[in-house]
Amino acid sequence: MYSPVIVISKSEVDSQDTSSVFEALRALIASPDAANQHFESVDIAFHGYNETSEELFEIQEVREFVYALDEQFPYWLFFMDK
């Protein structure tokens, strides 16, 4: 089984556009089998922040993006690879 990686661009964060991430996550709950198959297997990566000295959690825009995503898809942590 492959582990999906969802890449979130800096431009998506800057515009607070969660639509593509939401659609990718929503596909994971298309059926109970799909949800079970992807339990704790999804990675999320933020692209465009390599040149900053701040950690992602220190960047206000990233935090706001994650808060907005959580409002739309509150069970996304079920799928995150630990």
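A residue is called buried when its relative accessible area is under 20%, exposed when that area is over 50%, and partly exposed in between, using a 1.4 Å probe and counting protein chains only. Keep that in mind as we walk through this predicted model, in which local features need pLDDT of at least 70, side-chain atom pairs count only at pLDDT 80 or more, and totals for chains, interfaces and linings use all residues. Residues are numbered from 1 along each chain as its sequence is written, and side-chain values use heavy atoms, with hydrogens and water left out.

Let's begin with the aromatic rings. Two rings of Phe, Tyr or Trp (for Trp, the six-membered ring) pair if their centres lie within 6.5 Å; the pair is stacked if the planes are under 30 degrees apart, edge-to-face if they are over 60, and tilted otherwise. By this rule there are six aromatic pairs. One of them joins Phe22 and Phe73, an edge-to-face pair with 6.3 Å from centre to centre and 80° between the planes. Here two distant parts of the chain are linked, since Phe22 sits in helix H2 and Phe73 in the segment after H4, 51 residues apart. Helices (H or I, at least four residues) and strands (E, at least two) are DSSP runs, numbered from the N terminus.

Are Phe22 and Phe73 buried or exposed? Both of these residues are buried. Phe73 also pairs with Phe79: the ring centres are 6.2 Å apart and the planes meet at 40°, so this pair is tilted. Why does Phe73 count as buried? Its relative accessibility is 1%, and Phe79, at 2%, counts as buried too. Taken together, Phe22, Phe39, Phe73, Tyr75, Phe78 and Phe79 form one aromatic cluster.

A patch is made of residues with over 30% relative accessible area and no salt bridge, with like charges joined within 9 Å and nonpolar side chains (Val, Leu, Ile, Met, Phe, Trp, Tyr) within 5 Å. Accessible areas come from the Shrake-Rupley method with a 1.4 Å probe, and for residues only the protein chains shown count as cover. Ile29, Phe39, Tyr75 and Phe78 make a nonpolar patch of about 370 Å². Phe78 is found in the segment after helix H4 (60–72), and its relative accessibility of 37% makes it partly exposed.

Next come the charged residues. Side chains of opposite charge can pair when their charged atoms come close. A salt bridge is a side-chain nitrogen of Lys or Arg within 4 Å of a carboxyl oxygen of Asp or Glu, and by this rule there are three salt bridges.

In one of them, Lys10 meets Asp14, with the closest N and O atoms 3.2 Å apart. These two are four residues apart in helix H1 (residues 10–15), so about one helical turn separates them. Lys10 is partly exposed at 34%, and Asp14 is partly exposed at 47%.

Arg26 and Glu23 form another salt bridge, with 3.2 Å between the closest N and O atoms. Both lie in helix H2 (residues 19–27), three residues apart, about one turn of the helix.

Glu40 bridges to Lys82, and their closest N and O atoms are 2.7 Å apart. Glu40 lies in the loop between helix H3 (32–37) and strand E2 (43–47), while Lys82 lies in the segment after H4, so the pair ties together parts 42 residues apart in sequence. Glu40 is partly exposed at 29%, whereas Lys82 is exposed at 77%.
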